[in-house]
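Colleague: I'd like a close look at one part of this model rather than a tour of the whole thing. Pick a strand, and walk me through what it pairs with and who faces whom.

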Amino acid sequence: MYPRDSRVGLNGSGLLIANPPYFTLERLQAWLPELKSCLAVGPAGGASARMLSQSELMGTALDQYGVIGHPVGHSLSPFIHGMFARDCGQNISYRLYDVAAAEFHERVRAFFAQGGRGLNVTLPHKIRGMEVAHELTPRAAHAAAVNTLAVRADGILGDNTDLVHDLCDNLGLVITHRRVLVVGAGGATRGILGPLLGLAPKVVVIANRTPQRAEDLAAAFADLGAIQGVGFGQLEGAPFELIVNATSASLTGVLPPFPPSVIAPHTVCYDLAYGKSSTAFLEWATRQGCARALQGWGMLVEQAAESFRLWRGVRPATRKVLAALKERSGST
Ligand code: ATR
């Protein structure tokens, strides 16, 4: 149907590259309807399509989104949001912003002042993210950390999207009336405690290498449900139904010093970390005979889907994206 030597495609930034002599605007739009707003009419009054310059894209054509962190080169968010946008038939631009702490406020303000619509905020800026928001969702306020910023009529909204969608909807876990152990008392734990307690577990125990941090965190969330903070040495008693590893130990292959008694054959173990191969925690949990050992891929995608919903008003389907992401990363 099209000449064999015609070329059309998307480059890594999502810019349309076409070979105008062979493609009329009409043909391109029929073939790639989701790209309609990327196309511009050529000088011959519609006879050809041309590629828009980056500045034109920035200026008018596409709503601007991105992830701000340091470093962000490894981020999978552009891939995920690119797939969401395609699946939802939407045109957006999603870029990486590698910004050091000292420039964070200025760069975020400039992004929104230039018409940017939303940002994901990642390490090490999640607490700083709170400072640039004019309003916080209750879960972000409780977590005292923000992973999503979105433009609203009266300012910038800060939210902290969460993992319960993955636990409940994708994995079918029941949290209500169950004993949950969260390992670690850093920023990642802060982000998940509110949503977990919202599901009314019997108790959430936070265990941390530095017990005082676990105790402080438990005190900060005590108004939301039954919660206690302990050191690893105090982790005796009945096993847990769910264990979530939210330490950064996974990133260095270190296993926190759990007593084996925390795991029973029905225990589900979830590591917020994700990667090509299993984590030290999940390998250990599998050797102890846990029911399921799960990496945090699902949380990554569900958090992104919540951001997308906040920005675009539609929640994208996640199953296909999750499968594509695992395949792309060679995860087993
Ligand atoms: P994040 O924002 O990713 O949670 P963080 O605030 O630095 O990062 O928190 C890291 C968490 O991992 C902390 O709970 C830390 O324990 P401490 O509070 O005692 O520092 C935990 N952690 C890091 N390395 C660990 C290790 N080797 N063994 C056990 N816990 C570890």
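Modeller: Two strands count as paired here if DSSP finds at least two bridges between them. Keep in mind that this is a predicted model. With that said, let's take strand S9, which covers residues 148-152. One of its partners is S7, residues 118-121, and the two run antiparallel with three bridges joining them. For a landmark on that side, look at Leu119, which sits opposite Leu149 of S9.

Now turn to S10, residues 155-159, which is also antiparallel to S9. Five bridges hold this pairing, and the link between S9 and S10 is a hairpin of two residues. If you want a residue pair to click on, Val151 has Ile156 in S10 as its bridge partner. So S9 has bridges to S7 as well as to S10. As for the side chains, in a regular strand they alternate between the two faces of the sheet.

To put that in context, the chain contains 16 strands along with 12 helices. Of its 332 residues, 41% are buried. Among contacts with a separation of 6 or more, 60% are between residues 24 or more positions apart.

Key:
Residues are numbered from 1 along each chain as its sequence is written. This is a predicted model: local features need pLDDT of at least 70, side-chain atom pairs count only at pLDDT 80 or more; totals for chains, interfaces and linings use all residues. Helices (H or I, at least four residues) and strands (E, at least two) are DSSP runs, numbered from the N terminus. A residue is buried if 20 or more other C-beta atoms lie within 10 Å of its own, exposed if 12 or fewer, and partly exposed in between; C-beta atoms are placed from the backbone. Two residues are in contact if their C-beta atoms, placed from the backbone, lie within 7 Å.
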